[in-house]
Amino acid sequence: MTQAITLTRPDDWHLHLRDGAVLATTVAHAAAQFGRALIMPNLRPPVTTAAQAVAYRQRILAAVPREAPGSAGFQPLMSLYLTDNTPPEEISLAKEAGVVALKLYPAGATTNSDAGVTDLRKTYKTLEAMQRHGLLLLVHGEVTDPAVDVFDREAVFIDRVLRPLRHDFPELKVVFEHLTTQEAAQYVAGSDRYTGATITAQHLLYNRNAIFTGGLRPHFYCLPVLKREVHRLALVRAATSGNPRFFLGTDSAPHAATLKENSVCAAGCYTAHAAIELYAEVFDAMNALDKLEGFASHHGADFYGLPRNPQRITLRRESWTPPERFTFGDAELKPLRAGEALAWRRV
Ligand SMILES: NC(=O)N[C@@H](CC(=O)O)C(=O)O
Ligand SMILES: [Zn+2]
Ligand SMILES: [Zn+2]
């Protein structure tokens with residue numbers, strides 16, 4: 001049995017840090033393991049301009065714990081929230097400001113998506129500018145049509161939105177975020193080098209039974225929602241296949257515990273406290289620890305056209321139990337697997 005593995009410092013290509021006092025917790029967790037993270041713009045109000053992204057980046061950098069070994073070099077990569085009205089001129093400003101991507105939230109699809117896109121046609125001039133300037137489009141891939149079953153919304157998105165988009169913008173780099181279905185994994189595996197995808201730890205570790213074990217478990221509720229076992233297995237095969245289209249994006253999405261343990265539970269799982277450890281469990285279970293570095297540390301950087309991180313991290317096979325809760329501003333945050341043992345530990 002492998003007792004330790006050393007890999008290139010990984011990156012998180014899909015991360016929610018939120019803003020304000022909670023950055024002390026969310027940034028510290030991410031910076032401790034990741035070299036870079038692609039920061040999601042769904043704040044309230046959303047990050048829609050280059051100037052807002054630059055200011056948000058400064059607030060994140062100010063929260064990096066400089067004294068913690070390995071954390072000091074943490075680099076947040078910024079994205080803008082695409083709206084029906086994002087002017088094409090904002091794209092060159094974004095490019096100059098170092099913004100790397102725009103995020104498509106179909107209006108109403110997920111947390112803080114009410115300012116999202118109502119009709120992709122309205123954004124075509126902006127998408128053209130993105131294709132021209134080499135900014136990526138990151139998509140929350142679910143339709144919002146109330147007639148479509150919640151568990152089918154990702155698969156329907158592929159046909160209704162993604163295929164036409166790919167046809168109209170063949171050289172726009174698109175990341176299909178947080179895959180949850182076999183259909184999505186197959187679609188990405190069969191597409192060209194302009195399409196990539198992130199996969200979260202929770203979608204690799206759990207199927208939808210986790211939400212209902214012995215009662216309703218809000219901390220397993222995220223969007224897109226966990227699916228059947230056949231889908232989980234398809235995602236595990238994709239992640240451990242070595243295919244460079246698939247890479248790590250935790251979608252760690254913190255919400256105050258009171259908003260999770262609520263009659264209307266907020267969508268999002270918090271995994272940033274032990275993300276690489278959770279992924280290691282999955283790869284280990286598949287006897288595929290040799291594929292972890294590609295998925296976690298190489299494929300995403302290559303897809304984004306950025307250098308791989310020069311630093312390395314080491315994980316040891318050692319059981320440890322993360323805390324039940326973290327401080328989250330003046331609230332509490334309950335992480336995935338709170339108080340449950342993990343098999344791998346960062347050295
Ligand atoms: N994944 C989630 O369930 N929630 C995310 C939004 C998102 O990534 O869709 C959040 O911001 O809370
Ligand atoms: Zn999403
Ligand atoms: Zn997300």
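Residues are numbered from 1 along each chain as its sequence is written, and chains are lettered from A, with ligands numbered from 1, in the order in which they are written. Because the model is predicted, local features need pLDDT of at least 70 and side-chain atom pairs count only at pLDDT 80 or more, whereas totals for chains, interfaces and linings use all residues.

The protein has eleven helices and 13 strands, where helices (H or I, at least four residues) and strands (E, at least two) are DSSP runs numbered from the N terminus. The C-alpha trace spans about 50 × 45 × 40 Å along its principal axes. Of the 347 residues, 48% count as buried, that is, 20 or more other C-beta atoms, placed from the backbone, lie within 10 Å of the residue's own. Contacts are defined by C-beta atoms, placed from the backbone, within 7 Å; among those between residues at least 6 apart in sequence, 71% join residues at least 24 apart.

The axes of helix H5 (residues 153–168) and helix H6 (residues 182–189) come within 8 Å and cross at roughly 35°, the axes being lines fitted to C-alpha atoms over the stretch in contact, with angles running from 0 to 180 degrees between N-to-C directions. Glu154, Ala155 and Ile158 in H5 meet Glu183, Ala184 and Tyr187 in H6. The residues of this contact divide into four nonpolar, no polar and two charged.

Strand S2 (residues 12–15) pairs with S3 in the parallel sense over two bridges, and DSSP must find at least two bridges for strands to pair. Leu15 stands opposite Ile39 in S3. Arg36 and Leu38 point one way from S3, Ala37 and Ile39 point the other way, and all are buried.

The UniProt annotation "binding site", from an unreviewed entry, covers eight positions, including Asn42 and Leu223; such annotations may be inferred rather than shown by experiment. Asn42 lies in the loop between strand S3 (36–39) and helix H2 (50–62), and counts as buried because 22 C-beta neighbours lie inside 10 Å. Leaving aside residues up to four places away in sequence, Asn42 touches Tyr81, Tyr105, Thr111, Asn112 and Ser113. Leu223, in the loop between helix H7 (201–205) and helix H8 (229–239), is buried, with 22 other C-beta atoms within 10 Å. With the same exclusion of residues up to four places away in sequence, Leu223 touches Thr110 and Ala267.

Note on methods:
Buried ≥ 20, exposed ≤ 12 C-beta atoms within 10 Å, placed from the backbone. Contact = placed C-beta atoms within 7 Å. Nonpolar A, V, L, I, M, F, W, Y, C, P; charged D, E, K, R; others polar.
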